[in-house]
Amino acid sequence: MQRAWLRHALRLRDDKAYRREQQACLVVGHHAVTEYGQVKQLVVTERYLRRHSAIKPNLILGEEAFARLSRDPRPEGIMAEVALPQPWTDKIPNRSVLLWNWQDARNVGAINRTALAMGIQLLINGGGGVDPW
């Protein structure tokens, strides 16, 4: 199971078409995982599990394997496979932000967190920029 899920997770991480096909993506970090809600697979490191013993992961990875998969040199030790959110189909709310052709995922993440803090109801990522997932 571990090897098959790792292959699947690598494809989710690297292949936009595969993410769309599977309707899933990976989120990394305590806040991202705990705030998302629709967790399919929860993956942690042994170190993370020692600090958060109440958590029930589907898979426990070593520090090195987790860091390679997360592409984070100092990961928190928690990630999840989650369902992709469904596209917005309602009328666009007044409190919306449009990101057009942004290329850096970290900047998109910062804008997303700022928009959430400001009560923005919809964040639109268009123009063929970075895949938010």
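Start with the side chains of Thr-45 and Glu-63, which are joined by a polar contact of 3.3 Å. This is a predicted model, so keep in mind that the distance is computed from it. Thr-45 lies in strand β2, residues 39-45, and it counts as buried because its relative accessibility is 1%, with the cut-off for buried set at under 20%. Setting aside neighbours within four places in sequence, Thr-45 also touches Ile-60, Leu-61, Gly-62, Phe-66 and Gly-77, along with Glu-63.

Two of those contacts, Leu-61 and Phe-66, bring us to the largest nonpolar core, a set of 12 residues that includes both of them as well as Trp-5, Ala-9, Leu-12 and Val-43. At least two residues of this core come from each of α1 (2-14), β1 (24-28), β3 (59-61) and α5 (63-70). The biggest giver is α1, with 3 residues. There's a second, separate core too: it has 10 residues, among them Val-27, Leu-42, Ala-80 and Val-82.

Now look along α1 itself. This helix has 13 residues and spans 18 Å from first C-alpha to last, close to the 18 Å expected. Its buried residues are Trp-5, His-8, Ala-9 and Leu-12. They sit on the same side of α1 because they cover an arc of only 100° around the axis. The general rule behind such patterns is that an α-helix has 3.6 residues a turn, so residues three or four places apart point the same way.

What do the buried residues of α1 pack against? Their partners are α2 (16-22), β1, β2, β3, α5 and β4 (78-83). Ala-9, for one, is in contact with Leu-26 and Leu-69, leaving aside its neighbours within four places in sequence.

Conventions. Residues numbered from 1 in each chain as written. Predicted model: local features only at pLDDT ≥ 70, side-chain atom pairs only at ≥ 80, totals over all residues. Heavy atoms only, no water. Core = buried A, V, L, I, M, F, W, Y, C linked by side-chain atoms within 4.5 Å. Buried < 20%, exposed > 50% of the residue type's maximum accessible area, 1.4 Å probe, protein only. Helix = DSSP H or I, 4+ residues; strand = E, 2+ residues; numbered from the N terminus. Contact = heavy atoms within 4.5 Å. Polar contact = N/O pair within 3.5 Å; in protein donor to acceptor, adjacent residues only side chain to side chain. Expected span 1.5 Å × (residues − 1). Arc of directions from axis to C-beta.
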